[in-house]
Amino acid sequence: MLAEQTDILRGKLKEVFGYSQFRGNQEGIIRHILEGKNTFVIMPTGAGKSLCYQLPSLVADGLAVVISPLIALMKNQVDQMNAFGINAQYLNSTLTKTEINRVKKECLNGEIQLLYVAPESLTKPDNVDFLKKVDIAFVAVDEAHCISEWGHDFRPEYRRIKEIIAQIGQLPIIALTATATPKVQLDIQKNLNMENASVFKSSFNRTNLFYDVRQKKHAKKQVIEFLKKNKGKCGIVYCLSRKKVEEIAELLSVNGFNAVPYHAGLEPAVREKNQDDFLNENVDIVVATIAFGMGIDKPDVRFVIHYDVPKSLEGYYQETGRAGRDGLEGHCLMLYSHNDINKLEKFNKDKPVQERENSRVLLQEMSFYAESPVCRRKQLLHYFGEEFTVDNCGGCDNCVTPKDKFEGQEYVSLVLQAVQQTGERFGLNHIAHVLRGISNAHTQSYDHDKLDIFGKGDEEGEDFWKTVIRQTLIYEYLEKDIENIGVLKLSEKGKKFLKSPESVMLAKDHEYTVGEEEEEAE
Ligand code: ADP
Ligand code: ZN
């Protein structure tokens, strides 16, 4: 039976999609959902998530309902499936009444294999009643991180998916995402009521990408210098605002580079032309806001420059991930300035409290990453819940030009004791205060000024302790409490360390001087 199914699946892969092999976990995932079991897929962008629900929809009895957040993505996939000879359709707000009726009829007649639905269409009572009558094999929830407030792309309508699916019937779910920190992962599973799901997680390590962070000093000059060294290669320059995009695109053109702008404020025809020109190699460089890139699959992007700091590490990972899709070199350069972080924080000012706090935490992670002396790859992978133990990755600025290291055993030990003695209920700032012996309302109200550890690290300053605590976290002696944001706890490794301490080499953060004017002409 198994061998037979293998033949069927591989046959479809070849005959319909034209591929000779499954990639990574694809086959295991497909079998799992075909067995009617809940499945959770975490794979980086470009790894091939879509096939994990597209292919089984061809084999299963009944159609697959695919919930997808963006109409443009839906349309792309439907066009692609139709070109492969698969009957895929979508239900969303762009359809006329007649079209909706036709799609519904085809579903009821069992003619459709994949039905893409926008979350807001899914929640319409009419559609729920209709879906109850359709023979459905499974539901795929694409971009599942949209469920979580802790992710970078929260969509409130995604929260209702569970209840709607329950109304439609007892259906297996396959949830897919490219961005799942452990906290977001837990949130997704809880929200879809699929804590029992098997989790298929692929590595997020992009071995061919070089991660490079430099202090943003004379940003325009820095970008031009970089581009001169990479003349003729194609790449993306991300800026935060439309205005900046226009300005930098203009600057590059004036300097003889073949560059075009891309942002949501351009005329659709211009935007489309610029995108096509980039895809078809008529231009080398796109200067863009983050509106550019979703669903774009250009294999030979050789560099991605962040002219401005991204709002989260997820965003950074996604955007840098567009480099080197073909497996060849990809240089990811970020120009970092703490002023940028402050500016972004100001943008968040008017958001509701919870959202503001979440954005602040995401931004803080971003600044830790930039300022940290630790291997960039190790930090990124750690952020996605993956351990990376190679000492020198050879593919990031911090590994290629490492900062001087010092023996940190004693400091790590103090940090762990502070976390332990305060009951594993506090965050980085508080732990630093306890170590430095800062007597304030907070330390006093918990009687932490009476602890043995209080003030044991008073010879060092705030910045020193913060970087040590962060490195203690990255090296996994501490872990983040998954329920309470910001709270630090001892990991198993940390508990072992307290019993028998070991050598840990630490380094100080980059000191990006504040005040150097980075924007020549704002
Ligand atoms: P994701 O959704 O994970 O970002 P996609 O599903 O868009 O990735 O797939 C990325 C690319 O990989 C697409 O061009 C897709 O056709 C291709 N692909 C997927 N599976 C395979 C495979 N088994 N062999 C070759 N190419 C594949
Ligand atoms: Zn490294």
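**Terms and values**

Me: What makes β2 and β4 a pair of strands?

Reply: Four bridges join β2 (residues 63–67) to β4 (residues 114–117), and the two run parallel. Two strands pair if DSSP finds at least two bridges between them, so β2 and β4 qualify. Strands are DSSP runs of E, at least two residues long, and helices are runs of H or I of at least four, numbered from the N terminus. Within this pair, Val65 stands opposite Leu115 in β4.

The model is predicted: local features need pLDDT of at least 70, side-chain atom pairs count only at pLDDT 80 or more, and totals for chains, interfaces and linings use all residues. Residues are numbered from 1 along each chain as its sequence is written, while chains are lettered from A and ligands numbered from 1 in the order in which they are written.

Me: Why are β3 and β7 called edge strands?

Reply: The open sheet has seven strands in the order β3-β4-β2-β5-β6-β1-β7, with parallel pairing. Strands β3 (88–91) and β7 (198–201) each pair on one side only.

Me: How do you know that Gln77 is buried?

Reply: A residue is buried if 20 or more other C-beta atoms, placed from the backbone, lie within 10 Å of its own, exposed if 12 or fewer, and partly exposed in between. Gln77 has 20 C-beta neighbours inside 10 Å, so it counts as buried. Gln77 is found in helix α4 (residues 71–83). Leaving aside neighbours within four places in sequence, Gln77 is in contact (C-beta atoms, placed from the backbone, within 7 Å) with Ser50 and Tyr116.

Me: Why is helix α13 said to be largely enclosed by the rest of the structure?

Reply: Seven of the eight residues of α13 (residues 313–320) are buried, so the helix is largely enclosed. The buried residues include Leu313, Tyr316 and Tyr317. Elements that the buried residues of α13 pack against include β8 (209–215), β12 (303–306) and α15 (353–371).

Me: What makes a set of residues a nonpolar core?

Reply: The members are buried Ala, Val, Leu, Ile, Met, Phe, Trp, Tyr and Cys residues joined through C-beta atoms within 7 Å. The largest such core has 82 residues, and Val237, Val286 and Val415 are among those that touch the most other members. Helix α18 (residues 409–421) gives the largest share of this core, seven residues. Apart from it lies another core, of 57 residues, among them Ile30, Val41, Tyr116 and Ala180.

Terms used: Contact = placed C-beta atoms within 7 Å.
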